Amino acid sequence: MERTRVLIVEDEPNIVESLRFILERADFAVEALASGTDALDRLRRGRFSAAILDVMLPGMNGFELLRAIRADPALKRLPVLVLTAKGQAADRRMAETIGADAFITKPFSNADVVARVRSIVGA
Amino acid sequence: MLSADLVIVACMAYVALLFAVAFFGDRRARRGPGGWLSSPLVYTLSISIYCTSWTFFGAVGSAVRNGLEFATIYIGPTIVFVGWWVFLRKLVAVGRTYHTTSVADLISARFGKSSALGALVTIIAVVAATPYIALQLKALTASFQVLTYPAGAVAAANLNLKPDFAIAFWVAAGLCAFSIIFGVRNINVNERHHGVIAAIAVEAVVKLVALVAVGLWVVLGNEGGPTAMFADAPANLTNPADTFGSRWVSLVILAGAAVICLPRQFQVTVVENTSERQLRTASWLFPLYLFLICLFVIPIALAGLQRLPEGSNPDLFVLTLPFSADQGTIGLLAFLGGFSSATSMVIVSSIALSTMISNHLVMPLALSLRLAPDASARLMRRFILTARRVSIVFIVFLGLLYYRLSGSFDALAAIGLISFCGVAQFLPSLVGGLYWRRATQAGALAGLAAGFAIWAYTLFLPSFEGAFLLPASAIADGPFGLGWLRPHALFGLSRLDPLVHALFWSMTANLALFFGVSLLTDPTPLARYQSRLFIDIFRRQTESELSVMRRTAKIRDLRGIADRVLGAGEAVSLFASQNTRDHAMTASDELIATVEQRLAANVGAATARALVSSVVTSETISVEELKRLADETEQIRAYSEELEQKSREIEATADELARANRQLRAIDERKDEFLSQVSHEVRTPMTSIRAFSDILLQTPDMPAAQKQRYLRVIQEESLRLTRLLDGILDLNQPGDSGARATPAPFDPELALDQALASCEALARAAGVGIVRAKRARRAIVDGDRDRLAQVFVNLLSNAIKYNGTRAPEVVIASRVRKGRYEATVSDNGPGVPEAEREAIFAKFARGAAAGQTGAGLGLAISRQIVTGFGGTLTVAESPQGGAAFTVSLPVAQPQSSAGTTD
Amino acid sequence: MSARDTERRGGDDKRGTRDLASVLPFAAIFLFLPPFVLTFTAPLALGGIPLIVLYIFGVWALVILCAAIVASRLAGAGARDQAFRRPDEPAKD
């Protein structure tokens, strides 16, 4: 069976590396990008089962990217997990309003991330 | 000449006109107050009874004899009226508020409603007015005689005619009749005389028009202009240095005092006043009237000297000049003007003085001797009216007697000044009473009595030239040959003008005794109470003041007095609110006070008090309470000044606080942003640390190399966390960051290169092109290299990270210009809007533009570092349209001051 | 804010006028009495009229003009006072 593909959009290389390690160990196929603009193109072309978006990104930030995803007919139903380092209630509400499927505050527990990703992809 | 019949007919017609005006004035006033009768114009015109025949005829005479001296009589009142805000306003407010009937009433009321003071002031006023009234009779008689002299007016004026006392008698009788008919119709109109005031206003217009007409005729008929006119002017006009001596000062003071203290001036200025508006207008309009009256005095005087035969009486120039040129109409107008000024003065003076005599001499005597008929209201009121009518006749004929006794003596102005000096004795008590709390009844009595006695001895009695009381020998050598008692050289003071001499001694004695005795005696409780009401007239009266004086009286008894004096009509309205069955009951303090006030408006404060006291069964005035209230007033006055000052300060402080509050709110917002910023900055390394430590813990069988790498990440992120916290601490120690590093000279280019090297990786990852443009050569600055490098790293990483364009580019340029090293980092990103350029350097700020997150801490710290080195960090728009940050540092001086230009 | 400013300026204005009203008589005394008046007693004539006559009447006219200005400004201030008086506060007379 082909592994479930997940795209990570995050500009901190260390965080990307840790997420990649955890998710690959949990049997996901992981790809990572540092910029929101590039991510939208990549999502349209590759067949991803889920996306993990950081909120604070250079250029297009996570929320803007999420809005663009929800506005795209092909990506409308893509499960999205939002990561934020701010952890404020306002950010959580914002994520829910725009249509995030899950929300995780940094720093996170590795198990939690895996559980959330599994739950949103329905695996 | 004019025939006596024609002159008499003209006078009669004129008097008939005055009667008509007075009659309609009274009728208009009865229909209700207000209207033109209480207009400021009529009020001002009535005050101008100050200008009597002394002015109309005497001013020209005075100008001929003493040059400009005549002007003092009008300059004094001008100063008092333009300075109304200082004194007159208070005097008039007191008179209006407490329904004062005369100057005697005001002084007696102020000093505890003292009957003795009222009587003394009345006696002084009557005696002092006598020469003044005589002056008017003399002027009227002389002008009539001159006008009707068979050989012509000019010849008559040159002859020094013997006064015709038959004419004087009939003039006096006519004046009495007019005054009685309009001034003393009934006491119900109490102290205000609308009809008379209306007639006086008309007379004021007539005398001004007449004098200006003569003046214009003289000036327009004059050939050769002013030069010719002043050609043979008396020396005291062209070379006037001697005019401005002690006599000038004395006359200005006397005239200023007289315009307040003369009973008739007090009557028209204070008693007849109905609002402050009237006084406000009179404050300039009355001086203007005086100015216009005086304007032609000098031309008329000069023309008289030039055109009339030598030896003509200068006091009659106004009249004789027109006749010398056969200008009968102007001459008759001049006569009517003089007639107006004399009659109006006598009428108002006699009314004012008769009120004083009846209220302060007749009534107290009648009350204490039980002569007053208290059987019925009608009898009582008739008694008062009769007293006033008889007083008028008495006053006018006293003037006639003085005229008879003093004979043909003297110039008009000299007679008038005797009166001025007499009434000026009121001034200390009047002014002191309105401003000085310590002034007592005994002090006022002593001062007035002494001043009056000295005035009478040094000025009044000598004016008879031996015909009355003081023989001529005593005037010349002193009584019983005592030289130091000579009336004109008291205590050997012989070098002064007699008038100045009299003023000096009488005022010295008056003031010394007024102040001295006041300080030695205590005011009576009632005087203390009254002083409080008068001195604090502009302060709102409080309830507690009524509680100071407690009296008990039966309503029935009070009603009885009110009926008798006020008449049934007014009494009914006063007692309307009282239940008729309660008349045996005790009256309230308020009712007693109201009744007394109404009575005072008719018969004066002292008599009113005597009347009320006759039915009051007990009276207490709490002196303690009064003292407490006085202290309170002082405190309130001090407080209110302080409060006004404070409120201004508070307003300023409030403005400042509002500004500070706005700033605080902005800072608070920035703080929130900053905290979420810090939270993000802290959480990012924490995330890596936690994630990798989890991984390491959960993966014991990890290859050693990978384990090593992950541990290094944890270490790096921990260090990053530490740096971050250091940065925050730096921010909280303002100005410290520069000082912490010891400044040393170094090449800033090295710091720039160091920063560039550490940012290369970041730039490559972000796909940002870095262009190294111009370089500065041989630049040395003072500071710390690592710190400066930190600043450059911050600027570079910002430029790299927050550039969303398709072909991001960062340009670095440096140079030395005008002794400063300048390094600029510019990009082609979104730039910083002009409005935010300063804000982004604030501690908790970060760019509002999209994506400009995370810059907050760095820029604040960077600026702090650069400032610590004595430089500046600024932002502008870059040539590529993005932001251009410039670090500017002073070049270290010693070595490379020359040749550092780029 | 701006309303308070104008009100305060009105207050300053009124205070200024009152100060002027208090100073005016003393200025008149200074101008009319020696020693100052002696400055103008030189036996000079301007256009045929002695200097001292011009001085006395000139100062007199000036003082009256000042008094008229003060009176009209106080009248204006008084009207404002009336307007600002609270309805429950009785007028002075």
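**The sheet of chain B**

Trainee: In which order do the strands of the open sheet of five strands in chain B come?

Mentor: The pairing in this open sheet of five strands is mixed. Strands are DSSP runs (E, at least two residues), as helices are (H or I, at least four), and both are numbered from the N terminus; two strands pair if DSSP finds at least two bridges between them. The order in chain B is β4-β6-β7-β9-β8.

Trainee: Which are the edge strands?

Mentor: An edge strand of this sheet pairs on one side only. The two in chain B that do so are β4 (769-772) and β8.

Trainee: What pLDDT do local features need here?

Mentor: Residues are numbered from 1 along each chain as its sequence is written, while chains are lettered from A and ligands numbered from 1 in the order in which they are written. This is a predicted model: totals for chains, interfaces and linings use all residues, side-chain atom pairs count only at pLDDT 80 or more (pLDDT is the predictor's confidence in each residue, from 0 to 100), and local features need pLDDT of at least 70.

Trainee: Over how many bridges do β8(B) and β9(B) pair?

Mentor: β8 (residues 872-877) and β9 (residues 883-890) of chain B form a hairpin with five residues between the strands. Among them B:Gly881 takes a positive phi near 95 degrees, and B:Glu877 has B:Ala883 in β9(B) as its bridge partner. The strands pair in the antiparallel sense, over six bridges.

Trainee: Which residue of β9(B) is the bridge partner of B:Arg820?

Mentor: Strand β7 (residues 820-827) of chain B pairs with β9(B) in the antiparallel sense over seven bridges. The partner of B:Arg820 in β9(B) is B:Pro890.

Trainee: What angle does helix α34 of chain B make with β6(B)?

Mentor: Helix α34 (residues 748-766) packs on the sheet and touches β4, β6 (809-817), β7 and β9 of chain B; residues are in contact if their C-beta atoms, placed from the backbone, lie within 7 Å. Helix α35 (residues 785-801) lies across β6, β7 and β9 of chain B, at about 20 degrees to β7(B). For α34 and β6(B), the angle is about 180 degrees.

**Helices around α7(B)**

Trainee: Are α6(B) and α7(B) roughly parallel or roughly antiparallel?

Mentor: The axes of α6 (residues 103-110) and α7 (residues 115-148) of chain B come within 8 Å and cross at roughly 155 degrees. Angles under 35 degrees count as roughly parallel, over 145 as roughly antiparallel, 65 to 115 as roughly perpendicular and the rest as oblique. The two helices are therefore roughly antiparallel.

Trainee: Is the crossing of α7(B) and α22(B) left-handed or right-handed?

Mentor: Helix α22 (residues 441-460) of chain B packs against α7(B) at about 20 degrees, with the axes 10 Å apart, and the two are therefore roughly parallel. A crossing is left-handed if the near helix is turned anticlockwise from the far one by less than a right angle, and right-handed if clockwise. The crossing of α7(B) and α22(B) is left-handed.

Trainee: How many nonpolar residues does this contact of α7(B) with α22(B) have?

Mentor: The contact includes B:Leu120 and B:Ile124 of α7(B), and B:Leu448 and B:Phe452 of α22(B). Ala, Val, Leu, Ile, Met, Phe, Trp, Tyr, Cys and Pro count as nonpolar, Asp, Glu, Lys and Arg as charged, and the others, Gly among them, as polar. One residue of the contact is polar, none is charged, and the nonpolar residues number 12.

Trainee: Which helix gives the most to the side of chain B that touches chain A?

Mentor: In this contact, 20 residues of chain B meet 19 residues of chain A. Helices α31 (623-698) and α32 (704-732) of chain B each supply at least two residues of that side. The most, 13 residues, come from α31(B).

Trainee: Which helix gives the largest share of the side of chain B that touches chain C?

Mentor: Here 32 residues of chain B and 32 residues of chain C take part. Among the helices that supply at least two residues are α4 and α13 (246-261) of chain B. The largest share is seven residues, from α15(B).

**Confidence**

Trainee: Which element of chain B has the lowest mean pLDDT?

Mentor: Chain B averages a pLDDT of 83, and 90% of its residues score at least 70. Helix α4 (residues 72-82) has the highest mean among the elements of chain B, 95. The lowest mean, 46, belongs to helix α33 (residues 736-740) of chain B.

Definitions and conventions. Two residues are in contact if their C-beta atoms, placed from the backbone, lie within 7 Å. Axes are lines fitted to C-alpha atoms, for helices over the stretch in contact, and angles run from 0 to 180 degrees between N-to-C directions.
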